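This briefing sets out selected features of one protein chain, grouped by topic. The sequence and the structure come first, and the points follow.

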Amino acid sequence: MNRQIPELYGSMIFSDKVMRKKLPKDMYKALRKTIENGTHLELDVANSVAVAMKEWAVENGATHYTHWFQPMTGFTAEKHDSFISPSGDGEVIMDFSGKELVKGEPDASSFPSGGLRATFEARGYTAWDPTSPAFIKDGTLYIPTAFCSYSGEALDKKTPLLRSMEALSSEAVKMLKLLGNKTVTRVSTTIGPEQEYFLVDKELYRQRKDLIFCGRTLFGASAPKGQEMEDHYFGALKPKVSAYMHDLDVELWKLGIPAKTKHNEVAPAQHELAPVFDTANVAVDHNQLTMEIMKKVAEKHNLVCLLHEKPFEGINGSGKHNNWSLITNDGVNLLDPGRTPAQNIQFLVFLMAVIKAVDDYADLMRISASSAGNDHRLGGNEAPPAIVSIFLGDELTAVLHSIENDMYFGKQEKVQLDIGAHVLPHFVKDSTDRNRTSPFAFTGNKFEFRMLGSSASVATPNIVLNTAVAEALAQFYQELEGTKPEDMEHAVHELLKRAIRKHKKIIFNGNGYSEEWVKEAESRGLYNLISTPDCLPQFIVEKNVDLFTKHHIFTKDEIFSRYEILLENYVKTILIEARTLSEMLTKDFLPAVSAFAGQTAKNAASKKAFLPTLSMPAEEALVTKLTKTYTDLTDGLTQLADLVREAESIDDMQKEAEFCHTQILSRMEALRLTANAAETLIPDTLLPYPTYDQLLFSL
């Protein structure tokens, strides 16, 4: 197998190697020019590519093709068409044209649009994205595409992501040329999204309506053992999990997805996969594919992969760490400090642009990580708080302090660590520690945005980050433009001083989980947007609308449509959870409570029949407790049903979302606590669903 990996890797993608082999030389060059420089693709080139792509796909067993796109559902979409074309006399040929490659026309009426078009206006278009490679999966050629309405509004996540990448590249190149770099022509954003997930037994999963409909358990008592022993993190992989991870790697490698690292995470049944960095657009496509294939491979192993941010109460939930950096076309990482970060003007300008961007648009950063699922996770002792801040580490913080105060910053020597055992090698200490409590941490030559939820598309946070940094660079350029070359170093120094003084409030190297930080953040004037309904109104405030429209990422209508979609998704999620909880408690749990109470009362009555004077306070207390639980749950379910009806009657979507958060979720939590307490009293044989100990420890 090891010898086959290089041959296996990328075998199911229309790679550069395949293009060189299949395309005429002039057509290959034209396509590479489009991919590398974003130039327009001519129809004759598209026709040539279509023929080559179809030929390669058919050779590899494909019978259909699909335009694969990412609508605003958070998932992917596809409509499959066969390559067959009738040729007369009842025969067919395998055909695929440049027009079919470049453009598709899926029905757009059933996808979320946030009011961008009426339901009866069904026509939508998909447009080929040549910068992301086509691939073969399940006998179908998948063509990554953008998705727009008949009138041209973006109805997907890819289009604004590509726009944001172009905006950032343009502003970054302008800044680099101003600083004296005359060779750079393009700057790319690269990301490496780490993906956390849970694995549970498929048969157990099928017995939990809450996992099926909501992706998380809506109630359930904690197992006697959770993650207290800290023995699962990086622990030895269990055979069933190891077999799953092996097959997952193989399937991902076939599609050119550079899955690199796999390990057990902190919570029982929780795991993580991390890929090698790739260009943002490709990495977003790869992450969507990774989530899909995780679920598909799990099915083959009689497992279910859970991507919800908080599938189980009382143990860690799952996030997705977005490692983000900037690379020039000649391979320079603009966030690499080099050997002397204090003297590296280029690094410091881009570092400060990121700091300014995150401070100016911390509300958008928070929105980009918001969802009903992630609200359960953010702020817990497993994830960053809802307050956006930046961790730089002691050395870089000291560098900025010295610039701000015109102080000399001496070169920091690398410290060699002696770890006490002579047989072990010495190694050099990193200039920054890792801060797991920071939402946005500098980790050597990249920033790690750690607030994201595990089920989310990574497109949105990268759209926000790219655009905000583009704006920061544009403002820096405006301040420096016209400066003479001999005065540039001094001008940059003064610009950095001003920026540090204005934006240093966003820098925090301490414990983000502490109550002290919440108070300090408030005194600094930082946002603390606790829930999704709290933060979504910030999406449509003037400064944020101006940001996106200035850099042509969204039109004003596209911004408001996304605001409406996010609100609608939140409300739908909470109401589905409320209905599921009601059904599970009414049909499954309350009968179990009643049955056990009746059984206990019957046993007590039988004993009393033999010994009338026998005192049975334990049995009587248990029956009383179970009876009270039954009454409390019944009353609580009536209240929940009333709240759901009230929510559905609210016309204003923002107010409905707020009502769901403050009223419905709190009622659901009260029901959870009551049911959890009762579950600990009822024998497993009477419970109508698998418990936490079965779900988390069955593998």
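D138 lies in the loop that links β7 (135-137) to β8 (140-149). The model is a predicted one, and in it D138 adopts a positive phi of about 55° although it is not a glycine.

**Loop residues with positive phi**

- D138 is exposed, its relative accessible area being 57%, a value that falls in the class defined as over 50%.
- N302 likewise has a positive phi, near 55°, in a residue other than glycine.
- The loop that holds N302 runs between α10 (280-300) and β13 (303-306).
- N302 is partly exposed, with a relative accessible area of 46%.

**Packing of α11 and α15**

- Two packed helices are described by the angle between their axes and the distance between the axes.
- For helix α11 (residues 345-360) and helix α15 (residues 459-480), the angle is about 120° and the axes are 8 Å apart.
- This angle makes α11 oblique to α15, since the range for roughly perpendicular is 65 to 115 degrees and roughly antiparallel requires over 145.
- The crossing in which α11 passes α15 is right-handed.
- On the α11 side, the contact involves V349, F350, M352, A353, V354, K356, A357 and V358.
- On the α15 side, these residues meet L465, A468, V469, A472, L473, Q475 and F476.
- Classified by residue type, the contact of α11 with α15 comprises 13 nonpolar, 1 polar and 1 charged residues.

**Packing of α14 and α16**

- Helix α14 (residues 394-404) packs against helix α16 (residues 488-503) at an angle of about 115°, and their axes are 8 Å apart.
- That angle makes α14 roughly perpendicular to α16.
- α14 passes α16 in a left-handed crossing.
- From α14, the residues that make the contact are L400, I403 and E404.
- From α16, the contact is made by H493, L496, K497, I500 and R501.
- The contact of α14 with α16 divides into 4 nonpolar, 1 polar and 3 charged residues.

- Which helix contains T580? T580 is found in helix α20, which covers residues 556-610.
- Is T580 buried or exposed? T580 is buried, with a relative accessible area of 7%, where the cut-off for this class is under 20%.
- Apart from neighbours within four places in sequence, T580 is in contact with K209, D210, F213, C214 and L218.
- T580 and L218 are 362 residues apart along the chain, yet their C-alpha atoms are separated by 8.3 Å.

**The chain as a whole**

- The chain contains 23 helices and 19 strands.
- Of the 699 residues in the chain, 53% are buried.

Notes. Residues are numbered from 1 along each chain as its sequence is written. This is a predicted model: local features need pLDDT of at least 70, side-chain atom pairs count only at pLDDT 80 or more; totals for chains, interfaces and linings use all residues. Side-chain values use heavy atoms; hydrogens and water are left out. Helices (H or I, at least four residues) and strands (E, at least two) are DSSP runs, numbered from the N terminus. Buried means under 20% relative accessible area, exposed over 50%, partly exposed in between (1.4 Å probe, protein chains only). Axes are lines fitted to C-alpha atoms, for helices over the stretch in contact, and angles run from 0 to 180 degrees between N-to-C directions. Angles under 35 degrees count as roughly parallel, over 145 as roughly antiparallel, 65 to 115 as roughly perpendicular and the rest as oblique. A crossing is left-handed if the near helix is turned anticlockwise from the far one by less than a right angle, and right-handed if clockwise. Contact means heavy atoms within 4.5 Å. Ala, Val, Leu, Ile, Met, Phe, Trp, Tyr, Cys and Pro count as nonpolar, Asp, Glu, Lys and Arg as charged, and the others, Gly among them, as polar.
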